[in-house]
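Me: I am new to this structure and would like a short tour. Could you show it to me?
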Amino acid sequence: TVLAGAGNQVSLWARRQSVCDVINTQHENPDYLPGIRLSEAITATHDPAAAADGAEAVVLSVPSQSLRENLRDWAGVLPDAVPLVSLMKGVEVGTTLRMSEVIAELTGAGPERIAVVSGPNLAREIAEGQPAAAVVACADEGTANRLQKLCHSGTFRPYTNTDVVGCELGGATKNVIALAVGMAVGFGFGDNARASVITRGLAETARLGAALGADEHTFSGLAGLGDLVATCSSPLSRNRTFGEKLGQGMTVAEIAGATRQVAEGVKSCSSIAELAHRHDVEMPIAEAVTKVVAGEMTPKDMLFSLVSRSAKAERW
Ligand SMILES: NC(=O)C1=CN([C@@H]2O[C@H](COP(=O)(O)OP(=O)(O)OC[C@H]3O[C@@H](n4cnc5c(N)ncnc54)[C@H](O)[C@@H]3O)[C@@H](O)[C@H]2O)C=CC1
Ligand SMILES: O=C(CO)COP(=O)(O)O
C-alpha cells in the first residue's frame with residue numbers, strides 16, 4: 001500500500017492462490033485487512049518468479065522464523081543487483097541472526113543491496129492511509145536514498161539512516177518489551193509501570209546495540225523509541241496484546257492457538273537474550289520475558305522480580 005501510494009506498480013507474492021484471486025478481483029485482503037480497499041496498482045501472484053520479474057526492488061515480509069525456508073525457494077528468482085528490503089522485526093532462533101544477515105547468507109547480496117524499513121508502522125493504520133514516518137536503513141546511502149524516493153508519499157514519510165544493525169535491533173527488541181508491557185497491563189498495573197518498562201526496555205536495547213556496533217542515536221529515533229512507543233501503547237499490537245493475555249493468566253499455547261497472526265517477540269525473546277549473554281550485556285526484561293514464555297516464571301513474578309533487582313545508577 002505504501003509503495004502503491006507512492007506511485008509504484010506492486011506485484012505481491014502470496015502463498016495461497018485464493019488470496020491472490022481476492023486481491024486481484026476484489027482489491028481486498030479479507031483475512032488480514034478486512035474492510036480496507038487495496039490500490040489497483042497492487043496485483044498478487046502465487047508464483048515468486050512472476051512476482052519478482054522486472055522488479056526495481058524486492059520487499060521481504062514474512063514471519064522472521066520462516067524467512068530462511070522461504071528464501072531457499074526465492075533466492076534463484078530474485079533479480080540481480082536490485083535492493084532487497086526487509087520489513088521483518090525478529091532475530092532467528094538457533095543462529096541469532098538478524099533478518100538482513102539471513103538475507104545476505106541466502107542470497108549472497110552485499111550490504112549495499114540490503115536495506116531495512118522500520119518504525120512505528122502498525123499495519124492496519126498504514127493500510128488505512130493514516131500518516132506515519134519510518135526509517136529506511138542501508139549501509140549504502142545511495143541505496144537508502146533511492147528506496148526513500150520509492151516509498152515517500154503524502155501519508156508516508158521515510159527518513160534515511162545507515163545504521164542497519166540499530167534499526168533491526170530496535171524493531172526486534174521492542175516486540176519483547178511490548179510483551180512485558182502487555183503483561184503489566186494485563187495484570188492490572190497502570191501507566192507508571194507501563195512507562196517504566198518502556199523506558200528501561202529502551203535502555204537495555206541501547207546497551208545491546210552498543211555491544212553490536214549500532215549507533216546509539218538510532219534508539220532515540222523512529223526505529224527505536226518511535227516503534228517502541230507505538231507498539232507498547234496500541235491495542236493493534238499483536239505483541240502487546242499477547243503480553244496482556246499472558247498477564248491475564250492465559251498460557252502461551254492457549255494464546256498462540258487462538259491467533260493466526262505472528263507475535264514476533266514470543267520467538268525472538270530467546271534469541272535476543274542469547275545475544276545479550278554472548279556479548280555480556282544485561283537485558284533483565286528480555287531475560288525475564290524469555291522465562292515467562294518458556295513457562296519458567298509467572299508474569300506476576302516477572303514484574304516484581306524486575307522491581308526488586310539490586311538497585312543501581314540509571315546509566316552505567
Ligand atoms: N503487522 C504490523 O503492524 C507490522 C509487522 N511488521 C513485521 O512484518 C513481518 C511480517 O508480519 P505480518 O505481516 O504483520 O504478519 P502476519 O502474521 O499478519 O502475516 C504474515 C503473512 O505471512 C504469511 N505466512 C505465515 N507463515 C508463513 C510462512 N511460513 N511462509 C510464508 N508466509 C507465511 C501469512 O499467511 C500472512 O500472509 C514481521 O516480522 C513483523 O514484525 C513490521 C511492521 C509492522
Ligand atoms: O511492528 C509493528 C508496528 O511497527 C507491529 O507490532 P506488532 O507485531 O506487535 O503488531
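This is a predicted model: local features need pLDDT of at least 70, side-chain atom pairs count only at pLDDT 80 or more; totals for chains, interfaces and linings use all residues.

Me: What is the radius of gyration of the protein chain?
Reply: It is 19 Å, which agrees with the value near 20 Å that a compact globule of 316 residues would have. The radius is taken over C-alpha atoms, and the globule rule is 2.2 Å times the number of residues to the power 0.38.

Me: Is strand β5 mostly covered or uncovered?
Reply: Strand β5 (residues 114-118) is mostly covered, with five of its five residues buried. A residue is buried if 20 or more other C-beta atoms lie within 10 Å of its own, exposed if 12 or fewer, and partly exposed in between, with C-beta atoms placed from the backbone.

Me: Which way do the residues of β5 point?
Reply: I114, V116 and S118 point one way, and A115 and V117 the other. In a regular strand the side chains alternate between the two faces of the sheet.

Me: What pairs with β5?
Reply: Strand β4 (residues 84-86) pairs with β5 in the parallel sense over three bridges, and L84 has I114 as its bridge partner. Strand β6 (residues 132-138) runs antiparallel to β5, joined by four bridges. Two strands pair if DSSP finds at least two bridges between them.

Me: Now the ligands. Which residues come nearest to ligand 1?
Reply: Of the 18 residues around ligand 1, these are S66, M88, K89, A123 and Q261. A residue is near a molecule if its C-beta atom, placed from the backbone, lies within 6 Å of it.

Me: And which are closest to ligand 2?
Reply: N121, L122, S237, R238 and N239 are the closest of the 13 residues that surround ligand 2. Helix α10 (222-233) gives the most to that shell, with three residues.

Me: Which domains supply the shell around ligand 2?
Reply: Domain 1 (2-162) and domain 2 (165-307) each give at least three residues; the bounds come from an automatic or database domain assignment.

Methods
Residues are numbered from 1 along each chain as its sequence is written. Chains are lettered from A and ligands numbered from 1 in the order in which they are written. Helices (H or I, at least four residues) and strands (E, at least two) are DSSP runs, numbered from the N terminus.
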